[in-house]
There are 2 protein chains.
Amino acid sequence: MSVTINDVARLSGVSKRTVSRVINRSPAVGEATREKVLKVIEEVNFSPDKQARGLASSRSYLLGLIYDNPDALYIDEVQRGALSVCSALGYELVVHPCHSKSPDFIEDCLSFIARSKLDGVIILPPVSENKALAAAIREANCAYVRLASVDLDDHDNIVVSDEREAMKAMADHLVELGHTDIGFISGPRRYRSSMERMEGFLAELESCNVTLPPERIIEGKNSYESGITCAHQLLGTTDSANANNSASKRPTAIVANNDEMAAGVLRVASDLAIKVPEELSVAGFDDNILASRIIPSLTTIKRPVSNMARLAVQKLINKSQSADSEKITLDELVKPHLVKRESTDKK
Amino acid sequence: MSVTINDVARLSGVSKRTVSRVINRSPAVGEATREKVLKVIEEVNFSPDKQARGLASSRSYLLGLIYDNPDALYIDEVQRGALSVCSALGYELVVHPCHSKSPDFIEDCLSFIARSKLDGVIILPPVSENKALAAAIREANCAYVRLASVDLDDHDNIVVSDEREAMKAMADHLVELGHTDIGFISGPRRYRSSMERMEGFLAELESCNVTLPPERIIEGKNSYESGITCAHQLLGTTDSANANNSASKRPTAIVANNDEMAAGVLRVASDLAIKVPEELSVAGFDDNILASRIIPSLTTIKRPVSNMARLAVQKLINKSQSADSEKITLDELVKPHLVKRESTDKK
DNA sequence: TTGTAAGCGTTATCAA
DNA sequence: TTGATAACGCTTACAA
């Protein structure tokens, strides 16, 4: 049927073992031999069988992607980024959306890893913040890299984007535009990333001498619906805040923990006939496709998602690579950055 | 390390081969023996090694997802749908975005299949319409199922959603609202799905005695930017149509081949201060997340994407299953349906 | 630097 | 209905 290592060995007049060495980039092969073998490999279009390789070496050349994030755009960007490195190195990507609230979700992830003997997994936020999961995976002796906003693991096991810093840029942007009365809709406080973003934002405001009173800071759930609820609260249209909906009492800007919630804010503003950005500036985080399509388009923060995913794969592969084969080099990581659009303007 | 088929054989006092038969649900095993073996399997928590199995039987228990579709939301929905069936049956899903314009993309897909000895692949639109790809995959002896809008393959190899029918509902909706002067932005005409949608829409209009002149029907590229270009054309703001931008000359409704282009139309309407839906109704196709978030929210058509993906996996697995093991039952397929929102209203 | 032989954990062949 | 034995295609001791 298809050509095997034996064929290559025979054709190039060396042993199986030597061919194996060539395949695995072992340095312990004479230059002449290596070239001879490579030539044959090329000629007969040989590619080693993954399953046989895996069976013999207990590796699978499969990487897993574990996520509970509902943001399809984020997932898609991660996948494409990861794959651009994966497939170039002979690895494939197996996807695994999980339910981090489910009681047996750790078991489920471990089973996922075991079933296919994955060589490593990439864990996306927010489940990447789950300490127990990371511990269990480490315990199971599987390589992993977490994508996160905080440095909550060894350098080898994490790829961090500095969201705190990015939110400082957002604060500066709004202060420059003259905003001092700003509403902030955070993400769930149990997530480190939510706290990073919030703290970065508030700290920078402080250092610009802008202090937000507690009622300007509310906790959202990262969903569109939650954005709507929180916007009502900030814009003074809930029962508890009745009759307070005068323009003078409203914040002149609202920043949300993500674009989904910011979209909710835009929806409420539209319903209340509050003009954005003339009467209210709005900003989000993620640079979702929404952000550029919605009217007015949304000022937001873009993370280097694709690069982060690539870096994660590289770290993973470097780990699982046998000691004597060449390591690959790591890209420089790009920082998140502010994207200014229509939804923010002078106070 | 972990328990193997040998352990099970030893513990239950039968041969390897018999255990293998039990695992594979072969009927050629005595009832008593089967139960004895199953009991041991249960006790020692044995699960067969995929790689070894694959090596011996040349199967991988891996399914591939091939797509050139840039719509992350669609991909995500497919993945989740497919996985809900996959993992329940011990299969994993390997993803493969491809570039259908690239000259070696068929080779690339074949290599993807060969590399991991995939048991089958699901091909998403629009590349699912590519006849050469399907032929090549069939040639390579790999099972496949295409997701498409037209019945362009054997029943076993395709899952169809009736987009033509769905667009009839869209036509009826607009006619009911009193629209007779309607602009239509099609997708690329080389795609069957574009043609299906367009033909379904126009045919139904005809049968309601509404005929669109040629200049009301233009070909878009399915992108947001293309939506903007086409909207300008339909709303008479291009050079070639200068001075024709009087309300009376404009269509009272514009339907686009997808939500992305419809979003472009909304953007242009906003820029031209044309009120939607008061002065112009707009509709799309897909029910992207955009559709519900954008202001005004978009009337569109939702496909049963997740169900289609599940069905595809079921077909695939039924094929690759050995003849003597149980087949699984197929779900009923839900049809695409119209979702009415804010962007369409009475003329 | 290269080769020999023994697995890796299954399934498949063929006989009993 | 069952079982010994040989694949499957590769890697890894262990030699040479």
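**Close-up views of a predicted protein–DNA model**

**View 1. B:Tyr61 is buried, at 8% relative accessibility.** Buried means under 20% relative accessible area, exposed means over 50%, and partly exposed lies in between (1.4 Å probe, protein chains only). B:Tyr91 has a relative accessible area of 2%, so B:Tyr91 is buried. The model is predicted: local features need pLDDT of at least 70, side-chain atom pairs count only at pLDDT 80 or more, and totals for chains, interfaces and linings use all residues. Residues are numbered from 1 along each chain as its sequence is written, chains are lettered from A and ligands numbered from 1 in the order in which they are written, and side-chain values use heavy atoms, leaving out hydrogens and water.

**View 2. Four aromatic pairs occur over all chains.** Rings of Phe, Tyr and Trp (its six-membered ring) pair if their centres lie within 6.5 Å; planes under 30 degrees apart count as stacked, over 60 as edge-to-face, the rest as tilted. A:Phe184 and A:Phe201 form a stacked pair, with centres 5.1 Å apart and 25° between the planes. This pair links distant parts of the chain: A:Phe184 is in strand β6 (residues 182-186) of chain A and A:Phe201 in helix α9 (residues 192-207) of chain A, 17 residues apart. Helices (H or I, at least four residues) and strands (E, at least two) are DSSP runs, numbered from the N terminus. A:Phe184 and A:Phe201 are both buried. The ring centres of B:Tyr61 and B:Tyr91 are 5.5 Å apart and the planes are at 50°, so this pair is tilted. B:Tyr61 is in the loop between α4 and β1 (62-67) of chain B, and B:Tyr91 in the loop between α5 (72-86) and β2 (92-97) of chain B, 30 residues apart.

**View 3. The charged end of A:Arg197 sits over the ring of A:Phe285.** It lies 3.7 Å from the ring centre. In chain B, B:Arg197 lies over the face of B:Phe285, at 3.7 Å from the ring centre. A charge sits over a ring if NZ of Lys or CZ of Arg is within 6 Å of the ring centre and within 35 degrees of the ring normal.

**View 4. Helix α7 (residues 131-139) of chain A has buried A:Leu133, A:Ala134, A:Ala136 and A:Ile137.** They cover an arc of only 160° around the axis, so they are on the same side of α7(A). The arc is that of the directions from the helix axis to the C-beta atoms. A:Lys131 and A:Glu139 are exposed on the other side of α7(A).

**View 5. DNA strand C is surrounded by 26 residues.** The closest are A:Thr18, A:Gly30, A:Thr33, B:Lys16 and B:Ser20. A residue is near a strand if one of its heavy atoms lies within 4 Å of it. The largest share of the surface near DNA strand C, five residues, comes from α4(B). A polar side-chain atom of A:Thr33 lies 2.2 Å from a phosphate oxygen of DNA strand C. For A:Ala56, a backbone N or O atom lies 3.4 Å from a base oxygen of DNA strand C.

**View 6. DNA strand D is surrounded by 24 residues.** The closest are A:Ile5, A:Lys16, A:Arg17, B:Thr18 and B:Thr33. Sugar or phosphate holds 59% of the atoms of DNA strand D within 4 Å of the protein, and bases hold the rest. α4(A) gives the most to the surface near DNA strand D, with four residues. A polar backbone atom of A:Ala52 is 3.3 Å from a base nitrogen of DNA strand D.

Definitions and conventions
A polar contact is a pair of N or O atoms within 3.5 Å; within protein, one must be able to donate a hydrogen and the other to accept it, and residues adjacent in sequence count only if both atoms are side-chain atoms.
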